[in-house]
Structures are given as C-alpha cells and as structure tokens.
Amino acid sequence: MTSIKNFLINEDAVLSQAMEKIDSNGKGIGFVVNASNNLLGTITDGDVRRAILSGKKISSPVDEIMNKTPLVTQQNQSIEECINLINKHQNETGITISILPITINGAIVDYFEYKTNFHAPIASPVLSGNELKYLSECIHTNWISSQGRFVKDFEQSFIENYSSPYAVSTMNGTVALHLAASALGIGPGDEVIIPSLTFAASINAILYTGATPIIVDIEEDSWCISPEEICKNLSSKTKAIMAVHIYGQVCEMDDILSIAKKNNLFIIEDCAESQGAKYKNNFVGTIGDIGCFSFFGNKIVTTGEGGMCLTKNSQLNEKMRKLRDHGMSRDARLYYHDVIGFNYRMTNMQAAVGLAQMEQISQIQNKRNRIERQYQLGLAESSNLIQQIKFPNREKVCWLVSYLLTSNKISRQEFIAKLKEKGIDIRPFFFPLHLMDIYKKFAPSSCPVAESIANNGINFPTSLSFSDVDIYRITSAIKDVLNEIRTSS
Ligand SMILES: *Cc1c(COP(=O)(O)O)cnc(C)c1O
C-alpha cells in the first residue's frame with residue numbers, strides 16, 4: 001500500500017508541486033487538502049496535462065484546475081458500497097474511477113483502490129523485505145555460489161523457527177525428497193507408500209532411487225494419505241511412508257508414527273505445501289525421520305527455486321550433507337569420494353532471498369490466513385463450495401486457498417474457464433497419480449477418494465499482494481459464475 005501522505009497536496013501548491021506528488025504515489029491522482037487535512041478537491045495527471053495544453057503554467061495554483069466536487073467515501077462504508085459508488089459514477093459519466101478518497105467528517109484518512117484491468121494471478125510472492133539487499137551483498141562480496149553466510153543463516157532460521165536440530169538446504173524441493181530417500185538408504189527392492197493426491201515430484205523422488213512407490217488412497221476429510229490404506233498395503237518390502245501434507249493440511253501423524261514403529265519403517269514428510277503447519281504442537285517436518293520443504297515461487301516461502309531437509313538425527317544430517325556435496329568425504333582426503341553423491345547444494349543467492357523471507361515469516365503466515373478468511377467470508381453462503389475439515393490436533397496453514405466443488409451439475413472446466421475470462425487464475429487440483437499412464441502400475445488398487453477430490457478440487461488465487469478489495473472482487477466473480485452456470489444448466 002502506498003502511504004496516504006504521498007497523495008496529499010497543500011491547497012497553496014502549484015501544478016509542478018502537484019505533479020511531483022502524483023508522480024511519487026504512482027496512482028495518477030492527488031488530494032488537495034487544507035491545514036486541517038480537510039479534502040478540498042482532487043487533481044489527476046490528466047487534469048494537469050489538459051490544463052497545460054490549454055495554456056496554464058506549471059506555476060499556476062492547483063486551486064484553479066482541481067475537481068472541487070470529487071467522489072468520496074466515508075470510512076464506515078463497506079467494500080460493496082464503495083464499489084457500487086464507483087459503478088454508479090461510471091454508468092452516469094462513463095468515467096472509471098480507480099482511487100477514492102476516504103474521509104471522516106471531511107478530513108482525509110485513507111484511500112480506496114479499485115484496480116482497473118484487474119487480474120488475479122494464482123500466486124505471487126512479496127519480495128519487499130531484505131531480499132534485494134541480501135542479494136546485492138552476494139554480488140558485492142562475490143559469494144554467489146554455495147558457500148557464504150546466507151546458506152548457514154537460512155538453515156539456522158529453519159532450525160530456530162521449527163525447533164529442528166538439523167537443517168540441510170538443497171537446490172529445490174524435489175532433490176530434497178530424493179536426498180532424504182537416499183540418506184535413508186532407500187533403493188531397488190524397497191517399497192515406499194505414497195498418497196495418490198500429490199504433486200508428481202513426490203513419486204519421482206522415490207523412482208529416482210530405484211525403489212518401488214506404492215500408491216494408496218487418501219482420507220476424505222483431510223485429503224491426506226489414509227493410515228488405513230497404508231496398513232492395507234504393507235508388505236515385507238515396505239521400507240518407508242511418504243507423508244505428504246497436502247494443500248496446507250497435516251497428515252494423521254500419530255497413526256502413521258505407530259504404523260512406522262510397529263513395522264520398522266521410515267517416515268519422509270513432504271512439507272512443500274504446509275510449511276509452518278503443526279501436528280499436536282510439533283511442526284511438520286520434525287515429526288518423521290526427515291521433513292522436506294520446497295521454496296518454488298508459489299510456495300509459502302520462496303527462494304526462486306530451493307528446498308530444505310530437516311532431521312533430528314545427527315547421522316542423517318551428516319549423510320545428507322555428504323550426499324549433497326558429491327559424496328565427498330568430509331574428514332578424509334580432499335577429493336576422496338566414498339559414496340556416489342549428487343550436487344544438490346543451494347546457492348548463497350537463493351539462501352539470501354530465503355533468509356529475507358524467513359525474517360517476514362509471521363507476516364507471510366498472517367497475510368495468508370487473512371486471505372483465507374476473506375475467502376471464507378465472501379463464500380460463506382456458497383453452498384456448492386466446501387473446504388478441508390479442520391481437526392483439533394492438526395493446525396493447518398494456508399498455501400493456495402483450496403475448495404471442492406460439491407455439485408455435479410457444475411462443470412469444473414466451465415467454472416475455471418469462465419473465471420479465467422474475468423482475469424482470475426484458478427487451478428484444478430493435481431491429477432491423481434494412480435490414473436496417469438506412467439504411474440498407474442504402482443497402484444495396487446483403485447483410489448476412489450483421491451479420484452473424487454482431485455476431480456472436484458480447485459485452488460483459488462492466493463497472492464500475497466492481494467488487498468481485501470481484491471479478494472472481495474474475486475469472491476464476487478466466483479459467486480456470479482456459479483449462478484450463471486446454475487441457471488444455464
Ligand atoms: C512443490 C512440490 C514439490 C517439489 O518442489 P520443487 O521445489 O518444485 O522441486 C514436492 N512435493 C509437493 C507436494 C509440492 O507441492
């Protein structure tokens with residue numbers, strides 16, 4: 001948000017001073033006020049341009065050209081009332097107003113922004129903290145590769161924020177999962193149980209090790225892997241369970257832990273979509289043997305591309321560090337390799353962005369929660385849209401706001417296409433793994449729950465730059481499209 005101060009123009013100002021103010025806020029308009037901050041008029045960049053063309057000087061007083069009867073709104077007016085005011089004005093005059101001064105008893109307190117050419121991307125990060133400063137430090141100090149202070153500091157921020165003894169950063173989330181599986185010794189002949197509803201990287205990471213993934217169904221109410229289905233699919237070859245905390249939700253970890261304990265299995269947590277979520281006061285990623293994170297551009301925290309593995313086990317920590325770094329022996333001779341490793345290191349530049357993001361982690365989580373609440377308010381009366389159940393033991397987070405379309409009279413494809421026409425970028429859920437040609441041989445039985453959730457699930461735009469007004473507009477568009485489809489079918 002641009003500060004209201006960047007809009008205020010003194011009543012004695014001349015056009016050049018008004019132009020400076022308008023330039024500083026980048027919104028094309030200024031508010032002319034007296035010494036008590038009372039709004040006297042508005043002046044747009046177009047007003048100034050037309051005045052100059054008609055012979056005014058840049059030294060002419062603003063008072064001569066400002067609009068003395070501007071459209072204003074009061075602080076207690078709702079988003080809906082403000083939008084109605086703008087629409088009414090447009091119908092009457094043909095002029096679209098995008099910035100409305102907000103006043104209390106004539107004094108200006110804020111502004112209401114109604115973006116023209118509104119577009120809602122599915123996800124966009126906010127990089128307005130120390131991201132640029134830290135990145136510049138990498139360039140200025142020449143530490144752009146995988147050595148440098150930010151890699152350690154970013155790992156440390158995970159250790160501190162999530163109470164994990166060890167953190168190993170990687171170049172992306174997919175290799176974090178592969179590194180975890182490799183460090184656990186998972187390989188040919190082993191089976192790893194995985195849910196059908198996840199992003200393909202989860203299963204690919206298992207396949208890279210030569211092990212066999214076993215795709216199972218999910219829970220109806222949480223959309224996460226079903227402990228019951230895990231039990232049904234255990235065999236003498238089962239070596240691990242991949243617990244994917246999907247769409248901000250948390251798996252039923254007590255059940256999964258007890259299955260793992262009884263059968264001597266490892267647990268890899270895929271936390272790519274649930275950073276900061278908790279199961280009974282423990283952060284996801286610290287419950288199983290290794291927890292893996294992703295920092296892709298649309299994830300909760302981003303480093304452009306990036307990943308992290310958390311563990312409490314010092315040997316796994318050592319093993320992951322070694323495998324990440326070409327399998328190079330960490331104490332014997334230099335350039336002596338005693339295992340076949342990888343180059344999965346994160347760069348100092350990625351970590352610089354990540355550290356700056358982690359400094360803002362509570363604001364990021366709060367903003368995401370606020371976005372989700374605004375959706376819930378806007379869609380409260382939409383009977384054909386439901387969310388995941390909230391469980392008392394599982395503290396979910398908001399990644400991409402996720403809903404299920406519950407009416408089979410409404411085509412998801414049509415719903416998505418109609419919202420796209422309105423500039424709202426919504427996405428279907430992941431295609432279930434067990435139905436894709438390259439993976440279906442790994443599913444011993446059908447996964448009807450995953451199929452139904454995947455068929456009906458949608459992600460709504462969850463960009464950190466959204467204002468409440470933006471989400472109001474998105475939810476209004478969603479309701480309009482639902483009504484349109486309902487009445488036409
Ligand atoms: C994003 C994601 C990954 C992969 O992370 P990348 O950083 O994109 O490699 C893995 N699993 C899940 C569930 C994801 O959403």
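Helices (H or I, at least four residues) and strands (E, at least two) are DSSP runs, numbered from the N terminus. On a 1 Å grid over the protein atoms alone, a pocket is an open set of points with protein on both sides within 12 Å along at least five of seven lines, and a cavity is a set of points where a 1.4 Å probe fits but cannot get out. Lining residues have an atom within 4 Å of a point. The structure is a predicted model, in which local features need pLDDT of at least 70 and side-chain atom pairs count only at pLDDT 80 or more, while totals for chains, interfaces and linings use all residues. Residues are numbered from 1 along each chain as its sequence is written, and side-chain values use heavy atoms, with hydrogens and water left out.

The secondary structure of the protein chain consists of 15 helices and 20 strands. The C-alpha trace spans about 85 × 60 × 35 Å along its principal axes. A residue is called buried under 20% relative accessible area, exposed over 50%, and partly exposed in between (1.4 Å probe, protein chains only). Of the 489 residues of the chain, 53% count as buried.

The largest pocket has a volume of about 550 Å³, where a volume is the space filled by probe spheres set on the grid points, and points are joined across faces, edges and corners. This pocket is lined by 22 residues, of which Met1, Tyr111, Ser467, Asp468 and Val469 are the closest to its centre. Two or more lining residues come from each of helix H3 (79–93), strand S6 (107–113) and helix H15 (468–488). S6 provides the largest share of this lining, with 4 residues. For the composition of such groups, Ala, Val, Leu, Ile, Met, Phe, Trp, Tyr, Cys and Pro count as nonpolar, Asp, Glu, Lys and Arg as charged, and the others, Gly among them, as polar. The lining of the largest pocket divides into 8 nonpolar, 7 polar and 7 charged residues.

Rolling a probe the size of a water molecule over the atoms shows where empty space is left. The count comes to 1 cavity of 30 Å³ or more, and the largest cavity has a volume of about 30 Å³. Among the residues that line the largest cavity are Ala123, Gly297, Lys299, Arg368 and Leu464. Its lining comprises 3 nonpolar, 4 polar and 2 charged residues.

A backbone N or O atom of glycine 173 lies 2.7 Å from an oxygen atom of the ligand. An N or O atom in the side chain of threonine 174 is 2.5 Å from a ligand oxygen atom, and for the side chain of glutamate 273 a distance of 2.5 Å to an oxygen atom of the ligand is found. The protein covers 92% of the 380 Å² of accessible area that the ligand has on its own, by the Shrake-Rupley method with a 1.4 Å probe, where for residues only the protein chains shown count as cover.

Helix H6 is largely enclosed by the rest of the structure, because 10 of its 11 residues are buried. The buried residues of H6 include Gly173, Val175, His178 and Ala183. At the start of H6, a side-chain oxygen of asparagine 172 reaches to within 3.0 Å of the backbone nitrogen of threonine 174. H6 is followed by glycine 185, whose phi is positive, near 75 degrees.

Most residues other than glycine have a negative phi. Asparagine 117, however, has a positive phi near 50 degrees; asparagine 117 is found in the loop between S6 and helix H4 (131–141) and counts as exposed at 77% relative accessibility. Asparagine 281 has a positive phi near 70 degrees and is likewise exposed, with a relative accessible area of 64%.

Methods:
Polar contact = N/O pair within 3.5 Å; in protein donor to acceptor, adjacent residues only side chain to side chain.
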